[in-house]
Amino acid sequence: MTLRHVTTIDARAQAAIDAAADVTLQMDEESFRGFYSRTARMLWAYLERLTGDGQLADDLLQESYYRLLRSDVTLDGEIHSRRYLFRIATNLAHDAYRRRRARPALVSSDDGEHPRADRDLSAHGYDGRLDLNRALGRLRPRERALLWLAYAQGATHREIAEVLGVRPASVKVLLLRARRRLASLLGRRGATP
Amino acid sequence: MTLARSCPREADVLDIVAIEQWPDRADAELRSHADDCPVCSDLVVAASAMVELRDEHAQRALPDASVVWYRAEVRAREDAARQASRPMLAAHGLAVAAVTALSVAWWADGAAWARAWWRGLVGLWPGLPAEVSLQTVADTLSPAWWLIGAAVAAWLVLLPVAFYLARLADTDAGEKSLLPRARE
C-alpha cells in the first residue's frame, strides 16, 4: 500500500464524515426561533420545578431542545411538538432525579428528591414561600409535574397524560392525591385564607 | 374511610383561582363550599400555590434561541461525524492489529538474535522445539501450546487496538470539553 493509497482512503473517509455531518434537524432555524420563544420559559419553569435546581434546568433545557431537533418522530404541528418536548424534558428530569438518588452523599434533602427544599429553610427559617418550596420538595417528581402542568400551565388531562406517559383516566386520581399531599404538607385545610 | 374523588364545583373554584382572584371574586356560597369540601379545599391550596409560583420565573434570563440552535447544530454534526467515522475506526484498528501481527511473525522468524535466544531457552527447557520458525512451531507444538500461543497472539493483537481506541476516546472527550458554553 503506497502513500497515495492511504491518502485516497483518508480522503474518502473525510468525504463520508462531511456527508454525514450535513445533518438534518426537525425544523429550520427560523421556525426553531419562533418555537423556542413560545416554549422556552414555560419549559424552563417546568424543569426548575421538577429538579429544584436552576443550573440543572438550564442544562436540561438545552438537552431537551437538542433531542427534539434530532428526533425521528414525525411532529404534527406545534402542539404535538410542544407535548413531545415536555415529554423529553420529563424523562430527562426523571433521569437526573435517579442519578441524584444514586449519589446519596450529594443529596441535601432527607428523601433525596429536591435540593431546594431544605436548603431554603436552613438558610432563612420559616417563610410562606420557602415553606411552599419545602413542601414541593417533599413531593415526588411526578406529583410536582402533575401540579405544575395542571395549575401553573393550565394543561388538560390529556396533555398531562401525554407528557407524563400515564393513562388519561389516571390523571384525575393522581392529581387529587398530589393536591391532597401538598395541602397536607403545607398543613392547610380550608380554602379561605 | 373512602375519600371523595371529585366535586361538581371544582371547575368553578379553579376558574377563580387560575385568575388569581380567590377568594375575592368567589361568592359566599362557593367560599363556604370550598371550606367544607375536602376536594375543593385541597384544590384551592394546591392551585393557588402553583399560580403563586408561576410568575416567579418571568424575569429569569434564558439562553438566546440562536445560542441553543448553534449548540444543537454543533453537537448534531459531532454526533453524525462520530457515527460516520466508526467504520474507519474499525479499519484503522484492524490495520494496526495486522501490522503488529506481521511484525511479531517477522521478528520471531527472521531475527538471528531471537533464534539464538530461543536456542538458549531450548537448552533450559528441552521440551520446546529446537528451531523457532513458524513452520517448526506449527509442526511440533501440542494443542495445549497452541492454546497458549493463541492467547499470547490475541493479547499481542488486541493490546495495541485497545490502546488505540482508548486514545481515540480520550481525544473525543477532550474535544467535547472544549465546546463553547452558551453565551448567557
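User: What percentage of the 193 residues in chain A is buried?

Analyst: The model is predicted, and each residue is judged by how many other C-beta atoms lie within 10 Å of its own, 20 or more making it buried. Among the 193 residues of chain A, the buried ones make up 36%.

User: How many helices and strands does chain A have, and in what pattern do they run?

Analyst: Chain A has nine helices and zero strands. From the N terminus on, its elements read α-α-α-α-α-α-α-α-α.

User: What percentage of the 184 residues of chain B counts as buried?

Analyst: Chain B has eight helices and zero strands, in the pattern α-α-α-α-α-α-α-α along the sequence. Of contacts in chain B between residues at least 6 apart in sequence, 67% join residues at least 24 apart. Of its 184 residues, the part that counts as buried is 13%.

User: Which helix supplies the largest share of the side of chain B that touches chain A?

Analyst: The contact between the chains takes 41 residues from chain A and 39 residues from chain B. On the chain B side, H2 (28-36), H3 (38-54) and H4 (65-84) each supply at least two residues. The largest share, 14 residues, comes from H3(B).

User: How many nonpolar, polar and charged residues does the side of chain B that touches chain A have?

Analyst: This side belongs to a contact that takes 39 residues from chain B. Sorted by class, it has nine charged, five polar and 25 nonpolar residues.

User: Which residues of H3(B) make the contact with H7(A)?

Analyst: From H7(A), the contact uses Leu147(A), Trp148(A), Tyr151(A) and Ala152(A). By class, the contact of the two helices has nine nonpolar, no polar and one charged residues. The residues of H3(B) are Ala46(B), Ala47(B), Met50(B), Val51(B), Leu53(B) and Arg54(B).

User: What is the distance between the end C-alpha atoms of H9(A), and what span should its residues have?

Analyst: Helix H9 of chain A has 19 residues, 168-186. Its buried residues include Val171(A), Leu174(A), Leu175(A) and Ala178(A), and Gly187(A), with a positive phi near 65°, follows the helix.

User: Is Pro160(B) buried or partly exposed?

Analyst: Pro160(B) lies in helix H8 of chain B, residues 143-177, and touches Val96(B), Ala97(B) and Thr100(B), not counting residues up to four places away in sequence. Its C-alpha atom is separated by 6.9 Å from that of Ala97(B), 63 residues apart along the chain. A residue is buried if 20 or more other C-beta atoms lie within 10 Å, and exposed if 12 or fewer. Pro160(B) has 15, and is therefore partly exposed.

Note on methods. Residues are numbered from 1 along each chain as its sequence is written. Chains are lettered from A and ligands numbered from 1 in the order in which they are written. This is a predicted model: local features need pLDDT of at least 70, side-chain atom pairs count only at pLDDT 80 or more; totals for chains, interfaces and linings use all residues. Helices (H or I, at least four residues) and strands (E, at least two) are DSSP runs, numbered from the N terminus. The expected span of a helix is 1.5 Å times one less than its number of residues. Two residues are in contact if their C-beta atoms, placed from the backbone, lie within 7 Å. Ala, Val, Leu, Ile, Met, Phe, Trp, Tyr, Cys and Pro count as nonpolar, Asp, Glu, Lys and Arg as charged, and the others, Gly among them, as polar.
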